[in-house]
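Student: Hi! Could you walk me through this structure, starting with what sits in the middle?
Tutor: Happy to. Let's bring it up and go through it together.
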Amino acid sequence: MADESLCRRCGRCCHKKLDIGGVVYMTPFPCRYLDEETNLCKVYDRRHEVNPDCLGVEEGIKRHAFPADCPYVRGLKGYVPPIEEPPAKGAERFFDLLADELGVGPEERERYKARWKVRGKGKGRRREASSPD
Ligand code: SF4
Ligand code: SF4
């Protein structure tokens, strides 16, 4: 069992990930059970039961789910984190591709598009890395 005190509750590992051509991308779309005010899981005690896609630490590491600065993976040799930043060119198109792949509806797209744009501003692509046990 992982040491849960390591988690800084940034909530980023609870965003949906997509593997595209062997590269894992962190999408701007959070798990439906993530409380976006507190960054805490609303079903924490039952998370694996309620959400079969919720990953424990070991599985999350194997699936490149944690951002590079997450304490669970920081300094972990050979670990490749997911890409969190939108591409420098074609960010909107890429956003739509991620949303299409995940079957995200129009309302949710609107809600997270602004965040996606802000996330990409002034930054290049960054390699960083689903849920702690
Ligand atoms: S496990 Fe890591 S990425 Fe996930 S919320 Fe905690 S600190 Fe953030
Ligand atoms: S811990 Fe699992 S179920 Fe809870 S918000 Fe994160 S990914 Fe979703």
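Tutor: Keep in mind that this is a predicted model. The largest nonpolar core has 12 residues, and among them are Cys-13, Cys-14, Leu-34, Cys-41, Phe-66, Cys-70 and Tyr-72.

Student: Okay, and what does the second core include?
Tutor: That separate core has 8 residues, including Tyr-25, Met-26, Phe-95 and Tyr-112.

Student: How much of the protein chain counts as buried?
Tutor: The figure is 29% of its 133 residues.

Student: Switching topic: how many helices and strands are there?
Tutor: There are 4 helices and 4 strands. If you follow the sequence, the pattern reads β-β-β-β-α-α-α-α.

Student: Where is Thr-38 in that?
Tutor: Look at the loop between β3 (34-35) and β4 (40-41); Thr-38 is there.

Student: How far is Thr-38 from Gly-11?
Tutor: In sequence they are 27 residues apart, while in space their C-alpha atoms are 8.5 Å apart.

Student: Now the ligand! Which residues are closest to ligand 1?
Tutor: Those are Cys-7, Arg-8, Cys-10, Cys-13 and Cys-70, out of 13 residues that surround ligand 1. You have met Cys-13 and Cys-70 already, as members of the largest nonpolar core.

Student: And how does the shell divide into nonpolar, polar and charged?
Tutor: The shell around ligand 1 has 9 nonpolar residues, 1 polar and 3 charged.

Technical notes:
Residues are numbered from 1 along each chain as its sequence is written. Chains are lettered from A and ligands numbered from 1 in the order in which they are written. This is a predicted model: local features need pLDDT of at least 70, side-chain atom pairs count only at pLDDT 80 or more; totals for chains, interfaces and linings use all residues. A residue is near a molecule or strand if its C-beta atom, placed from the backbone, lies within 6 Å of it. Ala, Val, Leu, Ile, Met, Phe, Trp, Tyr, Cys and Pro count as nonpolar, Asp, Glu, Lys and Arg as charged, and the others, Gly among them, as polar. Helices (H or I, at least four residues) and strands (E, at least two) are DSSP runs, numbered from the N terminus. A nonpolar core is a set of buried Ala, Val, Leu, Ile, Met, Phe, Trp, Tyr and Cys residues joined through C-beta atoms within 7 Å. A residue is buried if 20 or more other C-beta atoms lie within 10 Å of its own, exposed if 12 or fewer, and partly exposed in between; C-beta atoms are placed from the backbone.
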